[in-house]
Amino acid sequence: MDAYTAAIDIQGLTKTFHVGFWRKKVQVLKGVDLQVFAGETFGLLGPNGAGKTTTIKTLVGLVRPDQGEVLIMGQSPNNTRNRMQMGYLPELPSVYAYLTAHEFLQLCGSFFNLSPRLIRQRIPQLLDRVQLSESAARKQIRTYSKGMVQRLGFAQALINDPQLLLLDEPMSGLDPLGRHEVKELVLELKREGRTILFNSHVLSDVEAICDRVGIMVDGKIVLTGKMQQLLRPMDHLYHMQIHKLDKLGHTNLKRLSLRCVEHKPGMVEATFNNLEKALKALAVARQSGGELIELKTHYRSLENLFVDEVNKARTQAGDE
Ligand SMILES: Nc1ncnc2c1ncn2[C@@H]1O[C@H](COP(=O)(O)OP(=O)(O)O)[C@@H](O)[C@H]1O
Ligand SMILES: [Mg+2]
């Protein structure tokens with residue numbers, strides 16, 4: 001693979017499922033285009049039912065698309081050499097309840113034709129990585145909590161030391177501590193230079209981990225972009241609270257700010273889109289007796305962006 005080949009290249013992907021007794025057609029993917037480059041951590045976001053899991057499944061060959069092209073490192077998803085370099089954590093990892101984690105990981109390793117010696121070497125390292133204790137790993141999986149199954153799912157996704165990781169909701173079912181640990185783990189895998197595609201509902205985690213994100217709504221990607229650009233400083237807003245302001249001061253502040261609200265007589269909150277303007281307005285307000293109570297900055301979070309984009313896409317779809 002050369003540097004210009006996308007690790008994942010999806011073009012014009014469509015998929016229709018037939019559901020229920022009457023085999024009613026439901027188009028789940030409506031022309032998905034998506035590229036993920038080598039070494040990148042890409043977050044796929046979208047409301048429930050948007051088609052994220054279906055998209056990931058086409059990458060591991062579990063769903064065959066109706067139309068469109070899917071390439072992994074320039075090859076078909078069924079290419080065996082590529083499969084050896086991929087790790088997949090399903091949305092609901094299914095495990096053999098009556099095996100121990102040790103036995104399960106040995107089995108997963110054998111699917112990749114790894115030597116028993118190598119598997120034996122890797123298992124303790126993986127257990128350590130996902131923070132599953134050695135003694136727990138000797139117990140049958142049916143005794144595990146949901147969080148432990150999720151950790152084991154993560155361990156099996158890493159058994160072949162994959163370059164490309166597909167993680168479907170890796171933080172789901174975990175308590176805040178578990179989520180924090182998984183986030184640290186994903187960051188560590190990212191630092192090791194692996195390519196990671198994952199989807200998550202926890203937007204603050206996505207914001208902390210991803211280089212780029214794509215937002216999917218009703219079977220289409222409606223927006224992709226680098227995290228820094230999507231949440232660019234242009235969206236920074238500065239809010240200032242001033243009290244003891246006279247009438248003239250209020251009028252001046254109104255003129256200088258994007259928005260100016262008088263909460264109580266003499267007490268106003270003004271919003272600016274750059275710090276210089278905010279400081280200039282503060283100097284003017286002081287001349288009218290105003291005193292600064294608070295100056296805080298606020299930027300558009302990924303959550304705000306997500307909600308805006310989903311609403312926009314749905315309104316447009318409704319208009320068509
Ligand atoms: N095998 C299937 N048969 C029928 N419908 C399916 C199948 N898989 C997914 N769907 C439907 O496709 C839609 C998208 O599902 P999914 O890709 O799981 O969304 P997401 O992961 O974004 O929540 C849902 O409405 C779901 O019910
Ligand atoms: Mg899903």
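The centres of domain 1 and domain 2, taken over C-alpha atoms, are separated by 58 Å. These domains span residues 86-161 and 237-298 respectively, with bounds that come from an automatic or database domain assignment. The structure is a predicted model, in which local features need pLDDT of at least 70 and side-chain atom pairs count only at pLDDT 80 or more, whereas totals for chains, interfaces and linings use all residues. Residues are numbered from 1 along each chain as its sequence is written, and side-chain values use heavy atoms, with hydrogens and water left out.

The largest nonpolar core holds 50 residues, where such a core is a set of buried Ala, Val, Leu, Ile, Met, Phe, Trp, Tyr and Cys residues joined through side-chain atoms within 4.5 Å, and buried means under 20% relative accessible area, exposed over 50% and partly exposed in between (1.4 Å probe, protein chains only). Among the members that touch the most others are Leu45, Val206, Val213 and Leu302. Beyond its neighbours within four places in sequence, Leu302 is in contact (heavy atoms within 4.5 Å) with residues including Leu45, Val206, Glu207 and Met227. Another core, of 24 residues, lies apart from the largest one and includes Leu29 and Met216.

Across the whole structure, 2 aromatic pairs are found, a pair being rings of Phe, Tyr and Trp (its six-membered ring) whose centres lie within 6.5 Å, with planes under 30 degrees apart counted as stacked, over 60 as edge-to-face and the rest as tilted. Phe21 and Trp22 form an edge-to-face pair, 5.0 Å centre to centre and with 80 degrees between the planes. Phe21 is exposed, at a relative accessible area of 71%, and Trp22 is likewise exposed, at 74%.

Conventions:
Chains lettered and ligands numbered in written order.
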